[in-house]
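Subject: The two-chain model

Hi,

Here is the structure I promised to send over.

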Amino acid sequence: MTQDAHRAKRNKFLLGLLPLLIFSGLIGAMGYQLLFGKDPSLIPSALIGDPVPRVELEALKQDKPGFGPQDFGPTPGNDQPILVNVFASWCVPCRAEHPIITALAEEQNIPVYGLNSKDTREAALDWLDELGDPYTRIGYDPTGRAGIEWGVYGYPETFLINPQGQVVYKYVGPISPRILNEEFLPRIEALRAQ
Amino acid sequence: MRNFCLIVSILVALAIPASVITATPGFAVLPDEKLSDPNLENRAREISKDIRCLVCQNQSIDDSNADLARDLRIIVRERLTAGDSNQQVKDYLVARYGDYVLLTPPLNLETVFLWAGPFLLVAIGMVIIFLWYRNRTPETDATPITNTTGLSPAERQRLAELMAEESPQERSTEKSGKM
């Protein structure tokens, strides 16, 4: 057989391998996304980099204030990052993350504002009595309208606000110890180091 | 070349129905949400069909029974009643939830590949098919080979050897070196 025929045969063989290669490539790409990729249901907040929404929240408790845009940002009282935690008494994952929110507030000494959304006052107060109240301020949003201003679509959600009053980060879903260590603590530290 | 045209027309024929068929309307609007003004209500329905329900994500708020979808439908109607244009209502939602809330993503730098991708792929495919056909045309067409000087000296020598050593009878029985 001539050299040309050899080459033709080899080319034909390689061409036949092409579909297999493309298929393996697809399997690889999809498998990677499936195992290590980001959860596509998590939507990044549209507010990142923007000042907090201009919405005033009434107080949930008599002895604890609600909050509005003036409670963030470069005012003398606010020279450190703030967390905003959206919660509701009916939300089971909120219950799961509550100890971590409590630990964040106590151990990191970071103000956590609670945004009690689509809840009733009685149920929310009972919930806090039972699980403890780590919040510095709690806003009451029975209609969920303030939640929409904040771009909330799942419960719980937790926002990190920088000392300038801008949204830096949002996490949708309950904060696990891993999320706390990998996502929140480094960001809080970086904001404090500035 | 006729085959090339055939393949292209098949591709086009396949592409058309895919772009025409749209999702069947589910429509989850509750009676208490509806606006009394049919004009505004129609506009609300039209906007809602292009707003993604962020909880179910592949349904529009017009189709979804989720709580948040209902809240957003009510907001759409409130904004319209307040005198917003369709675009202003969409902008209001995009400001809170990002471009992702639109089921028709806007054309910008981030989405240019999304929009141009299908056309790019069809163009690449057509180029590949065209090149493929152009390369195989000389074999299929019965074009007489006029260029007889196309053999290299080595090939000419080998040809001369074969001509010299094989008698016509032997050649007809021998298995050729063809693959």
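Let me start with helix 4 of chain B. Its buried residues (buried means under 20% relative accessible area, exposed over 50%, partly exposed in between, with a 1.4 Å probe and protein chains only) are covered by elements that include helix 4 (145-149) of chain A, along with helix 2 (38-48) and helix 3 (67-81) of chain B. Contact here means heavy atoms within 4.5 Å. Helices (H or I, at least four residues) and strands (E, at least two) are DSSP runs, numbered from the N terminus.

Before going on, some housekeeping: this is a predicted model, where local features need pLDDT of at least 70, side-chain atom pairs count only at pLDDT 80 or more, and totals for chains, interfaces and linings use all residues. Residues are numbered from 1 along each chain as its sequence is written, chains are lettered from A and ligands numbered from 1 in the order in which they are written, and side-chain values use heavy atoms, leaving out hydrogens and water.

Back to that helix. The buried residues in helix 4 of chain B are Val89(B), Lys90(B), Tyr92(B), Leu93(B), Val94(B), Arg96(B) and Tyr97(B). Just past the end of helix 4 of chain B, Gly98(B) has a positive phi of about 85 degrees.

Now the interface. In chain A, 18 residues are in contact with 19 residues of chain B. The two chains bury about 1400 Å² between them, 55% of it on carbon and sulfur atoms; buried area is the accessible area (1.4 Å probe) that two parts lose on being put together, summed over both. Four salt bridges (a side-chain nitrogen of Lys or Arg within 4 Å of a carboxyl oxygen of Asp or Glu) are found across the interface of chain A and chain B. Arg145(A) forms a salt bridge with Glu78(B), with 3.0 Å between the closest N and O atoms. On the side of chain A that touches chain B, helix 1 (3-36) and helix 4 of chain A are the elements that give two or more residues. The largest share, four residues, comes from helix 4 of chain A.

Finally, a spot within chain A: Lys61(A) sits in the loop between strand 1 (58-59) and strand 2 (82-87) of chain A. Lys61(A) is buried, at a relative accessible area of 18%. Leaving aside neighbours within four places in sequence, Lys61(A) is in contact with Leu125(A), Leu128(A), Asp133(A) and Ile138(A).

Best wishes
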